[in-house]
Amino acid sequence: MTVLEVAQRIAPRLGLKVPTAVFGLTDQKSVQLASAFNLARDDIFDAYKWSKLRNICSFTGNGVCRIFDQPADYDSMENDAQLWTSRLYIPLRHVTCPDAWLSYETRHEQYLINAWQKIGCTFHFRPALAFGEIVRFNYRSKCMVCAADDTLKERFTADDDTFRLSETLLERAVVYWWKKDRGLDYADAERDYERRKAKLIMEDRGARVISVGKRRHGIDAELALGGYINPDGDSTNTAIPSADYIALFEAAR
């Protein structure tokens with residue numbers, strides 16, 4: 001359902017004539033209605049980390065480059081997000097302190113290995129990703145809107161835009177923000193919107209999984225092993241190289 005179709009559905013509830021257009025018009029009501037759509041968009045976006053907006057980014061190393069641009073639609077990462085590399089069995093180490101990273105960079109510290117930090121709109125790695133090495137991580141996209149040509153974008157700008165999440169939720173959010181922004185009684189509209197939003201958030205979270213029994217190894221267990229690791233127990237050096245130290249708990253049996 002397009003923005004215009006949503007506007008036509010809710011027009012009676014807003015006390016408006018059924019519109020033939022929303023965006024691109026300059027009269028006050030059209031401008032306010034267009035604004036209500038983007039206020040609704042912002043409110044829904046901020047309410048919850050919707051799974052529909054979760055994307056995966058991949059960086060491929062060339063043996064030289066240490067700095068990679070963030071995805072164009074990047075908004076944020078979870079606080080505990082990990083960067084996983086095809087070269088190791090554990091995630092890369094996140095250096096969270098900017099001053100610590102600056103110190104390592106300035107003094108060319110050699111012992112900082114398999115580490116990363118995000119600086120501005122770029123991801124920095126030490127050492128440079130090896131040739132063919134792939135680093136992947138989850139991030140949250142800021143693109144909640146789909147254009148008529150199926151390209152994704154951040155905000156509503158045209159009548160033929162569509163919403164990537166629930167259209168019903170968008171309808172209720174627009175009604176709420178329209179009334180609130182114009183100083184009208186919005187109590188009922190707010191209640192309907194919040195109830196629908198809470199329901200969709202619960203559905204998006206999915207069922208809670210209950211684990212029974214004791215975990216054999218802690219999920220964060222790490223064992224640093226140098227040289228080579230062979231899961232089959234062979235002592236030859238034809239196993240997995242680990243010049244930078246590979247933590248491989250399960251294989252070290």
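Trainee: In strand 6, which residue is the bridge partner of R93?

Mentor: A115 is the bridge partner of R93 in strand 6. Before going on, note that this is a predicted model: local features need pLDDT of at least 70, side-chain atom pairs count only at pLDDT 80 or more, and totals for chains, interfaces and linings use all residues. Residues are numbered from 1 along each chain as its sequence is written, and side-chain values use heavy atoms, with hydrogens and water left out.

Trainee: How do I read strand pairing?

Mentor: Helices (H or I, at least four residues) and strands (E, at least two) are DSSP runs, numbered from the N terminus. Two strands pair if DSSP finds at least two bridges between them. Here, strand 5 (residues 93-94) and strand 6 run parallel, joined by 2 bridges.

Trainee: How many bridges join strand 6 to strand 7, and do they run parallel or antiparallel?

Mentor: Strand 6 (residues 115-119) and strand 7 are joined by 5 bridges and run antiparallel. W116 stands opposite F125 in strand 7. I119 has T122 as its bridge partner. The hairpin of these strands has 2 residues between them, and G120 takes a positive phi near 65° there.

Trainee: Which strand pairs with strand 7 over 3 bridges?

Mentor: Strand 2 (residues 67-69) does, in the antiparallel sense. F68 has F123 as its bridge partner in strand 7.

Trainee: Is strand 7 largely enclosed or open?

Mentor: First, the term: buried means under 20% relative accessible area, exposed over 50%, and partly exposed in between (1.4 Å probe, protein chains only). In strand 7 (residues 122-126), 5 of the 5 residues are buried, so the strand is largely enclosed by the rest of the structure. T122, H124 and R126 point one way, while F123 and F125 point the other way.

Trainee: What is the order of the strands in the open sheet?

Mentor: The order is 10-9-11, with antiparallel pairing across 3 strands. Strand 10 (152-153) and strand 11 (162-163) stand at the edges with a single partner strand each, so one side of each has no neighbour in the sheet. Strand 9 (residues 145-146) is joined to strand 10 by 2 bridges. There, V145 stands opposite K153.

Trainee: How do I judge the span of a helix?

Mentor: The expected span is 1.5 Å times one less than the number of residues. Helix 2 (residues 28-47) has 20 residues and reaches 28 Å from its first C-alpha to its last, close to the 28 Å expected.

Trainee: Which residues of helix 2 are buried?

Mentor: Among them are L33, F37, R41, I44 and F45. The buried residues of helix 2 pack against several elements, including helix 1 (3-14), strand 8 (134-141) and helix 5 (187-205). Contact means heavy atoms within 4.5 Å.

Trainee: What is a salt bridge?

Mentor: Side chains of opposite charge can pair when their charged atoms come close. The rule is a side-chain nitrogen of Lys or Arg within 4 Å of a carboxyl oxygen of Asp or Glu. The count comes to 14 salt bridges. One of them joins D42 and R41 (3.0 Å, N to O). R41 is buried at 3% relative accessible area, whereas D42 is partly exposed at 23%.

Trainee: Where do R191 and D188 lie?

Mentor: Both lie in helix 5, 3 residues apart, about one turn of the helix. An α-helix has 3.6 residues a turn, so residues three or four places apart point the same way. The closest N and O atoms of the R191 and D188 salt bridge are 2.3 Å apart. R191 is partly exposed at 43%, and D188 is partly exposed at 48%.
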